[in-house]
Amino acid sequence: MKRSPLVLCVLFFTSLASADPSPTINITGTSLNELMNLKITSLSRKEENLNQAAAAAYVLTGNEIKRMGVFQLAEALRYVPGVEVALTANNKWAISIRGFNGTASNKVLAMIDGRNIYSTFYGGVVWQEQDILIDDIDRIEIIRGPGGTVWGANAVNGVINIITKSAKYTQGAFVGGGVGTANNLVRARVGGKFGENTYSRAYIKISHQDPSSSTPYNDSSQMAQSGFRIDHYSSYGDITLSGDVYQGGIGSKLQGLAIQSPNAQAYDGHNLLFNWIYNSNSQRTHKILAYTDYAAINADGILFDHRTTNNIDYQVVQRFNPQEVTYGLGYRRVNDDIPVIAPYSFVPQQKVDRTYSTFIQDNIGFRNDTIHFIVGTKYEHNDYTGSEWQPSVRGSYAFDNSLLWGAWSRAVRVPTRLEEDLYVPPLFVGNRQLASEVANVTEIGWRKTWQQGVQFDATAYTSQYSHLVTIESNTDKNKMYGHVNGVELSPSFQIKPSWVIRFNYSFAVANIGVAENSIAKPQANEIEKTLPKNMSQIVSMWDVNDRWQLNTFVRYVGSVPAQHVASYVVADASVGFKQTKAVHWQVVARNLGQKHYEWGGLEAPKVGPSVALYVKVKL
Amino acid sequence: MITRILWKSGLWIRCYIIAIYFLMLAVTPAYAVDPIYEIKASYIYNFLQFVSFPEKMLQESQVNVCIVGENYFGNTLDQIDGAHTPQATIHIMYTGAFTGIESLLACNVLYLTQSEKNNTKAILHNLDTKKIFTIAEYSPFISLGGMVELYIRDDKVRFRINRALAKKSYFQISSQLLQLGIG
């Protein structure tokens, strides 16, 4: 081989990046109660050698997310193996796991600190309205595969669990800003301490995104969000109270809620969450989670969705060697109001939906904990389909720094308001008799850690779907079925304490069919052809020295024929510079490479290179 | 821009292979401290906040914590060396693998790392566990007469306390710690 390409490659890969050598926890500032609840896996990527999780779990740490220099949550998910992320319009996202991607990716459940952000209106997450402060994220846990046994309905293909830091770890104040070729951002946070054991923080984030030049619409977007969190530690356990308010929109000048531009959106909302974790002794942990969440969307000035969710969960973890039993009860009530401009309407326009649930899971360890057997089920009763069972059986065997695991699970996706109650006669009338979509998923996985800091994680799965919802001539039915098979690999190399490189690769194929009397064959074809067969990423994180960081991210996404998207390779890079202890700079270059589409349709912007400069000043 | 040049010249696949090869060569056995040991260090610090020794057992208001066996903590324990308990200042000592009781005479707290598993009996039989607060990061330890056993369960580091021994010991252990350490 000629010398020049080799040199280029070596230069490129040496220039890439890494683990933060600073401690992951505050050794003298973490209470016993916290220590007992601290998940080893959430602390670092070294998890695998001890992680007993018999599931395809992946953790993005707050540190990694900061290194990416992302504006929004959605962008951080681009470098997780097996997760499909596509920009469908300026600041609108389609995010899915193991197929079925779309603007309504209804088979992935997402939560922020346990608060469900999956919209029961249309099925999916409005990612652009979840504009939390990136600096507050402790970690994002991504579970590929079903999570229905613990998390309930709609966790069919995966769970995205966003966990924010305790206010204890966000003390002090900072102001920050970002100026970019496509976005601008200001943000600020202040942390405080009351008495011995109570901590608080408050933040504000305001961002603006310029219109994309490649669409005929004015699709600029703006978002403002503010929130707080209070954490109290005592012998009565750890108590958290948090809340956010936000307002934002996409499209031409937003005047209140009256918007003119096609495909424009305006949204606003607020939430309040209470969480209490209490160890009554070392063998028993109680957890109460209660929240209320209001979210409103105005789409095109035609459809308005106002949605209030009230939720309470109680969970107990009871250990008696060698077993650990987790059980819980939950109640959720969703009130909505969906006024729509004629000829569309929702019947009824207002609705109250209730979901009662209970679950139990037993984790039994054998032979010195090297073999684990985890069985459990969730029972849920909802107003759409009645009773739903979501059992799973998992097993794992640990040997030689490896973990071999296998699982079978059943998960369901409950029909949405849109599917059941949209009323546009004679064109379309929603179907109240829809059943839940069902998935039976079998997975096997293997993880190994070598002494030299090399890790390998591999998963293979087959997901069998039935009762998938189809759009028939004038209503919807459960007439589609099929399967998705795939493999996910992620080897990772800790080259030095200050330098980590990770490769991710996923391969998946969907095979979807419809019942004989269905007209939805094109819909099935579209699902098959919306899944990129191959996706791959290289992530390199490097602390060059105490002051400089260099992080490089390269991703390949295979073609998506249903969206007329050709395969593409692009890179993101960020350089971090700590000027002083208090002043940090970051230059982020995004989507380096050829301009490309990630989604079809008139709204989809052509994604091209952009650069942004961020500064953060600690006060 | 480099990516673009590479892409244009059609070198992606080759570059991948070179990268992997290069990485394999570059991999060295250096790695950062396992976060589990940060958690364990924090446990040691926390335990000491709940244990009070008779004054005469502490020399110069110093509580000597001896790490016996291979040191997996790296320099993590530097952060608690010199930190305070309600009663004294923490002083960390690394005694290496157990060779005899002589090297442990100054210790108020013993922390036995995994490498000492086979020496547990020899250590516990030759010490007065009522005077020295003993911690091990493996099982069985309590059943052999130790005070605190750290173990990993469900992806978390947990601990058990030997209540029978706690009742007999010369130091005082707060009831809060005892309650959390049932098992």
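**A guided tour of chains A and B**

Begin by selecting chain A, which holds seven helices and 35 strands. Its radius of gyration is 24 Å, close to the 25 Å that the globule rule gives for 619 residues, so chain A is as compact as a globular protein of that length. If you orient the view along the principal axes, the C-alpha atoms of chain A fill a box of roughly 65 × 60 × 60 Å.

Switch to chain B and colour by pLDDT: the mean is 80, and 81% of the residues of chain B reach 70 or more. Now select residues 1-32 of chain B, over which pLDDT stays under 50, although the model has 60 contacts beyond four places in sequence for them. Where pLDDT is low, the predicted coordinates should not be read in detail.

Move on to the largest nonpolar core, which has 47 residues, and pick out B:Tyr43, B:Phe47, B:Phe133 and B:Phe159, the members that touch the most others. Helix H3 of chain B, residues 35-50, gives the most to this core, contributing 10 residues. Centre the view on B:Phe47 and, setting aside neighbours within four places in sequence, display its contacts: they are A:Leu32 from chain A, together with B:Phe133, B:Ile135, B:Val148, B:Leu150, B:Phe159 and B:Leu177 from chain B. Apart from this core lies another, of 34 residues, and a selection to find it could include A:Ile65, A:Val80, A:Trp93 and A:Val125. In soluble globular proteins, nonpolar side chains tend to be buried together.

For the last stop, show the cysteines, bearing in mind that a search of the whole structure finds one disulfide over all chains. This disulfide joins B:Cys66 to B:Cys107, with an S to S distance of 2.0 Å, and both of these cysteines are buried. The two lie 41 residues apart and link distant parts of the chain, B:Cys66 being in strand S2 (residues 62-68) of chain B and B:Cys107 in the loop between strand S3 (89-96) and strand S4 (109-112) of chain B. Finally, set up the torsion about the S-S bond of B:Cys66 and B:Cys107, which is about -95°, so the disulfide is left-handed.

Notes: Residues numbered from 1 in each chain as written. Chains lettered and ligands numbered in written order. Heavy atoms only, no water. pLDDT = per-residue confidence, 0-100. Contact = heavy atoms within 4.5 Å. Core = buried A, V, L, I, M, F, W, Y, C linked by side-chain atoms within 4.5 Å. Buried < 20%, exposed > 50% of the residue type's maximum accessible area, 1.4 Å probe, protein only. Helix = DSSP H or I, 4+ residues; strand = E, 2+ residues; numbered from the N terminus. Disulfide = S-S within 2.5 Å. Rg over C-alpha atoms; globule rule 2.2 N^0.38 Å.
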